[in-house]
Amino acid sequence: MNTVYTLFALVLVVNLGVGLLRVLRGPSDADRLLAGQLFASTGVALLLTLSAAGSLPSLRDIALVFALLGLLVVLAFVHEGDAIEGSDDVS
Amino acid sequence: MFLDALSTLLFVLATVFFCAGTIGLLRLPDTLCRIHALTKADNLGLGFAALALIIQAESLAAAGQIILIWLLALVASATAGYRVARRCVPVDPPP
Amino acid sequence: MNAVDALLALVLLALAVACLWAKTARTGSLLFITFGLLLALAWVRLGAIDVALAEAAIGAGIAGALLLDAARQFEHSPAGQNSARAPSPWPPSLLMLFLAAVLLYALSTIQPLAGDATLAVSAALESSEIAHPVTAVLLVFRAYDTLLEIAVLLVAVLAAQAAPSAIRASPKYDPALAAVVGWMVPIAVLVAVYLLWAGSSRTGGAFQAAAVLAGAILLARFSGQWPDADRLWQHAGVRVFGLVTFIVVGLSGAFTAGAVLGYPAGWTGGLVLGIEAALMLSIAASLLALFGWKER
């Protein structure tokens, strides 16, 4: 199984590299945000695979944190989008 | 071993969907279209990979944790897609 | 796994350069957060799993939110709107190249100490009654360093609070988001407590747990459903609680174990867990205080 793990991990990292093109190019910030979400889910898959390949159960904990907090970045980004509509005073 | 063969097959499926999602992210013309590629294809890929790993899991607790991670990733991804979409298309309140 | 590592390194480098060359502060922040996600993966490949967990919890969570918030405030501030174009990316790029060269040179001349240090830790691990070497080093062997670090964090928060805080519009209530967050926040809190508990025997600990906890509270805040989410945490007592607990337990060690910051035999595990729990609450409160939030 180890070869399969390694190959799958390679595929995932190649996906990261390709997703990078969207991060760099993506005309709007929303596109970059989406590519960031790609990185997050690919990261989760990569961590789960590495956890199985290296017998490191702690990596699953890191994947759990990725999954939980990945949403926060989108909310922080989009929330401030909401705030722009109603003018806020910066002291 | 049958289980190993099954896992390998699931990993291949996962590869297909992950690559499809990434290609979609790159080639689709519009932000809203790319959200489709990301939230659906990528998470399906993640699901197949999770299944493959559950089969290989060393304990019931480990398998349970993988399922939890997958479900959370699904929900987070869908919600993220929804929020990004709302940013691109302003929602008008009903008159 | 070498091809995987090489590709990962290349992507990291590309992201770092893109971050410096970004046209707006917000884009740069977004790129930096993504960089942080991949950096966590790099830490895993380097074998530093506790660091990877901390990087994921903080980079994806509260640090990301802080950075985006700061970028937004900058762009709305008079200074941000006056600058006609982004500052030239060449100075930071050249500085980055120079620093990289220096680091590479330093790394190439370093003698590996790892063998001696890890042997010493493994030999002493039994006497520390903590199963996880990182936690043992942080809270038993080098507890003094950790104590001072917590004090430094407190001072940093005090300094941050001296700055005028921005007034933000409160997030609009979004029913779909509120429903999702209503599930995720309790799970996140559970995960934080789990990480705290796990720290005694495997990767985890107060800092990572605190970052997840702070992230959970921010999630609740951003959903617009619980406007008072961090009101509980704004009380100054919570921020100081961890340091005070640490000092009290440390001083009591003088009477119970013969040395300040020593632990009596058989009680180490429980005391360390107690200190870490108090630290978790304080660090979470401190991180949230850095975010600061005054609403109209």
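Two residues are taken to be in contact if their C-beta atoms, placed from the backbone, lie within 7 Å. The structure examined here is a predicted model. By this criterion, Ala9(A), Leu10(A), Val13(A), Val14(A), Leu16(A), Gly17(A), Leu20(A) and Leu24(A) of helix H1(A) meet Ala3(C), Val4(C), Leu7(C), Leu8(C), Val11(C), Ala14(C), Leu15(C) and Ala18(C) of helix H1(C).

The geometry of the pair was examined next. The axis of H1(A) and that of H1(C), a helix spanning residues 2-20 of chain C, come within 9 Å of one another and cross at roughly 15°. Because angles under 35 degrees count as roughly parallel, H1(A) is classed as roughly parallel to H1(C). The crossing of H1(A) past H1(C) is left-handed.

The contact between chain A and chain C as a whole involves 46 residues of chain A and 55 residues of chain C. On the chain A side, two or more residues are given by each of helix H1 (2-25), helix H2 (29-54) and helix H3 (58-85). The greatest contribution to this side comes from H3(A), with 20 residues. Divided by class, the side of chain A that touches chain C comprises 30 nonpolar, 9 polar and 7 charged residues.

Within chain C, two domains are assigned, domain 1 covering residues 1-110 and domain 2 covering residues 131-296.

Chain B was considered separately, with regard to its elements and overall dimensions. Chain B contains 3 helices and 0 strands, and its elements follow the order α-α-α from the N terminus on. For the 95 residues of chain B the globule rule gives 12 Å, whereas the radius of gyration is 17 Å, well over that value; chain B is therefore more spread out than a compact globule. Taken along the principal axes, the box filled by the C-alpha atoms of chain B is roughly 60 × 30 × 15 Å.

Key
Residues numbered from 1 in each chain as written. Chains lettered and ligands numbered in written order. Predicted model: local features only at pLDDT ≥ 70, side-chain atom pairs only at ≥ 80, totals over all residues. Helix = DSSP H or I, 4+ residues; strand = E, 2+ residues; numbered from the N terminus. Nonpolar A, V, L, I, M, F, W, Y, C, P; charged D, E, K, R; others polar. Axes fitted to C-alpha atoms, helices over the stretch in contact; angles between N-to-C directions. Parallel < 35°, antiparallel > 145°, perpendicular 65-115°, else oblique. Left-handed = near helix turned anticlockwise from the far one by under 90°. Domains from an automatic or database assignment. Rg over C-alpha atoms; globule rule 2.2 N^0.38 Å.
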